[in-house]
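Thanks for coming. I will go through one structure today, starting with the overall form of a chain and ending on a single residue.

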Amino acid sequence: MKYLRLIVANLLRSKRRTFLTVFSIAIALFLFCTLRTVITSFEASLRASKATRLVVRHAASLVFPLPLAYRERLAQVPGVTGISYGNWFGGYYQDPKNQFAQFAMDVPTLLDLFPEVVLPTAQAEAFRSERTACIIGGALARKYGWKLGDQVPIIGTIFPGEWRFVVRGIYTGQTKDVDENTLFFHWDYLNESLPEGRRNFVGIYWLRIASPDLAASVSGRVDAIFENSPQPTKTETEKAFQAGFISMIGNVQLLLTIIGSAIVFAIMLVTINTMMMAARERTREIAVLKTLGFSDGLILRLVGGEALFLSLLGGALGCGLAALVFRESDFTAGGFFPNFRVLPETVLLGLLLAAIMGFLSGVAPAVQAARLEIASALRKVA
Amino acid sequence: MAIPLAYNLRNLSARKVSTVLTALGIGLVSWVFIFTLALAGGFQSALQATGSPTNAIVIRNGSTAELTSIVARDAAASIESQPEIARAPDGTPLATHELVVLWNLKRKNGTPANVVVRGVTAKSVALRPKIHLVEGRMFRPGLEEVVVGKLAQARIAHCALGDRIKLAGRQWSIVGVFDAQGTAFDSEIWGDVELFMPVFDRPVYQSVTLRLDEPSHFGALRKRLEADPRMSVQVKHEDEFYAAQSATLAALLRGLGLFVTLVMALGAIFGALNTMYAAVGSRTKEIGTLLALGFSRGSILTSFLIESVLLATLGGLLGSLMTLPVNGITTSTMNFASFSEIAFRFQVTPSMLLSGMIFAAVMGALGGFFPSRKAARRVIVEALREA
């Protein structure tokens, strides 16, 4: 567009104003991306879940365990091709504030059922053959500076006492949505350390099924088997299980959306104001352009284009900054968001929002400028 | 001599659209500021108010929440026979042993929630003076009856008086609704502990709560119980126990709120800078006149600064007013310390409104300073000559 130079020249005339406007828009979009990423981080577990994995737990809640004896019966259900199990350990490192997930897992089946947990073969072998060994996610290792061979003391809240695990492997996630803030250790080790009465109980069974189409029938069959036993089960796809967990967090998404909208709206008001002031100061100039033969439509596009250009520039800066800051920082907000990463969709949404902001803030001054009557405008200023 | 305030007020009302847009922008920043404070404050005070400073709670050593705690029957009996416990009018100790389980129930909108189901004794209500029945009656021991907290009743399906709810394979009649004044108990379901134990297949209690006869006796009681190798327990002030549960999430909410508002304030200050620079620019002639009339540079600086702060405070006032409808709205979240749902109310306090206004005024002062300085530095002749 040959008038781009005119738009840029106009923007450069009041550099301070352009700078302030672009940066306030950038800030709004930065915050928008951050808040939106909080929401998408909650949902990372959904994206990482496999359609061919079912979760079996006690029907009442995760607090109640299931007998280890269920394993054999679950394995015999038609359609089940693999099974693993484990217990939520619920411990902390040094201080209750240092939260991250620890699972006591059946190690022989862990890597088979969770192919997204990627571990070098030698480390997997070392993990398998040592009773007190554990593996940790890469992000967790970076956060606490743990290395292979380190002893990690974890204080149990469900299983009291201090537990020491030796780091024998550092896993990475197959995709970026896989949580790298978890510690896995041997279920057998936990089980043998418990008093007689608490042994041989399992918190969660994971079933692999031959195809996603079998999810409903296998779930129904499993729950029917145990329906009238003292420990009835609830079986659902991993995705449904995670979604249930997320929905328990409550209205967080709504609250964040409200805050995010307020931010964008506030900055939009400020931008509208700036655009209107800029147009008002240029009344005479626009009248001169019209005298020179610029059509109303062209003036409309020029003033509107300026607003759009400013907003998109600010939006690109803000979204880009958010994507950069959170990409490599391993930010987890105290373990609450194990997977804080700006998604490409979020950036696109932010840019779209910036464009809408630019359009809305440009409409009023652009229409005003287009409707300007040359004679009265020139008279007023002079 | 100072420039009259009326000059600033007239100026603000002369450019109505600009004034309203800038004030609204700043107002929304204050609104977000107060909103997040009210959210964090409501959550924290719900948990803080749950515990009473004159009560002590005994849980298993190493546990951070009742849910992961175990107190055996014999241990509970010996805890309840300690001499530091206050007495009920009938001479029995004011102490209760409770069972806590999480039960997955459906909210009224169909989504799942982990609800705390608490087995209680006759003393449980006496130990929590905030709790009183608002509908129906208390459950009768030994019968399949429960009472529900007011917020649980409002949010969880099938919790109305007279409804039946399925727990542990049995149907329980809801015979009463209690009001716990916004504390965590408001989100719970209560029934008879001695009946719950066999039904929920739990041979042990989760906690013992007791009233101290003298607050100063806490130390002695704690020392004796924690030193007893047979039970392996920890003793905490009830209020501190619940406050600790809210600490992490409340700090996170406050941190998020502070981060968002500070960054957003920067954006709003940029906006205010723009508005005030434009105001100074379009009033060059006026400034020249003021200078010619003999107003000092200091009073011109002060006048423009006052105008900016006025504008921002107006916005702060708007933002504060807009948060008032939020006050008292009930929302819920998961208490991460116990994995249970806790409902709480937004709490807008006068001090939050005041901080919101001060926050806005500071934004106005920061956004107005440089433009005001620019105005004060004008040279009379040049200013008058300019368009």
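What radius of gyration does chain B have, and what would a compact globule of 387 residues have? For chain B the value is 30 Å, whereas a compact globule of that length would be near 21 Å. Please keep in mind that this is a predicted model. The C-alpha trace of chain B spans about 95 × 45 × 35 Å along its principal axes.

On confidence, the average pLDDT of chain B is 89, and 99% of its residues score at least 70. For the model, ipTM is 0.80 and pTM is 0.82.

Chain B contains 12 helices and 12 strands. Of its 387 residues, 51% are buried. If we take contacts in chain B between residues at least 6 apart in sequence, 84% of them join residues at least 24 apart.

Now the domains. The assignment for chain B gives domain 1, made of 5-48 and 245-385, and domain 2, which is 62-231. The centres of these two domains of chain B, taken over C-alpha atoms, are separated by 46 Å. Their contact takes 14 residues from domain 1 of chain B and 17 residues from domain 2 of chain B. Which elements supply the domain 1 side? In chain B, α2 (16-48), β11 (330-335) and β12 (340-345) each supply at least two residues of that side. The most comes from β12(B), with six residues. By type, the residues on this side of domain 1 of chain B are seven nonpolar, five polar and two charged.

Chain A is also assigned two domains: domain 1 is 4-44 with 251-381, and domain 2 is 60-231. In chain A the centres of domain 1 and domain 2 are 48 Å apart, again over C-alpha atoms.

Next, the contact between the chains. How many residues does each chain give to the contact? Chain A gives 47 residues and chain B gives 49. On the chain A side, α2 (15-42), β8 (151-156), α10 (238-248) and α11 (252-281) each supply at least two residues. With 15 residues, α11(A) gives the most to this side. The chain A side divides into 30 nonpolar residues, 14 polar and three charged.

In soluble globular proteins, nonpolar side chains tend to be buried together. Here the largest nonpolar core has 168 residues, and those with the most contacts inside it include Leu29(A), Ile263(A), Val29(B) and Met363(B). Helix α8 of chain B, residues 238-282, brings the largest share of this core, at 19 residues. Apart from it lies another core of 48 residues, among them Val56(A), Leu74(A), Leu190(A) and Ala215(A).

Last, a residue in helix α8 of chain B: Asp239(B). Why is Asp239(B) counted as partly exposed? Because 19 other C-beta atoms lie within 10 Å, and a buried residue needs 20 or more. Asp239(B) and Ala49(B) are 190 residues apart in sequence, but their C-alpha atoms are 7.0 Å apart in space. Beyond its neighbours within four places in sequence, Asp239(B) is in contact with Gln48(B), Gly51(B), Ser52(B) and Pro53(B).

That is all I have.

Terms used:
Residues numbered from 1 in each chain as written. Chains lettered and ligands numbered in written order. Predicted model: local features only at pLDDT ≥ 70, side-chain atom pairs only at ≥ 80, totals over all residues. Helix = DSSP H or I, 4+ residues; strand = E, 2+ residues; numbered from the N terminus. Rg over C-alpha atoms; globule rule 2.2 N^0.38 Å. Buried ≥ 20, exposed ≤ 12 C-beta atoms within 10 Å, placed from the backbone. Contact = placed C-beta atoms within 7 Å. Domains from an automatic or database assignment. Nonpolar A, V, L, I, M, F, W, Y, C, P; charged D, E, K, R; others polar. Core = buried A, V, L, I, M, F, W, Y, C linked by C-beta atoms within 7 Å. pLDDT = per-residue confidence, 0-100.
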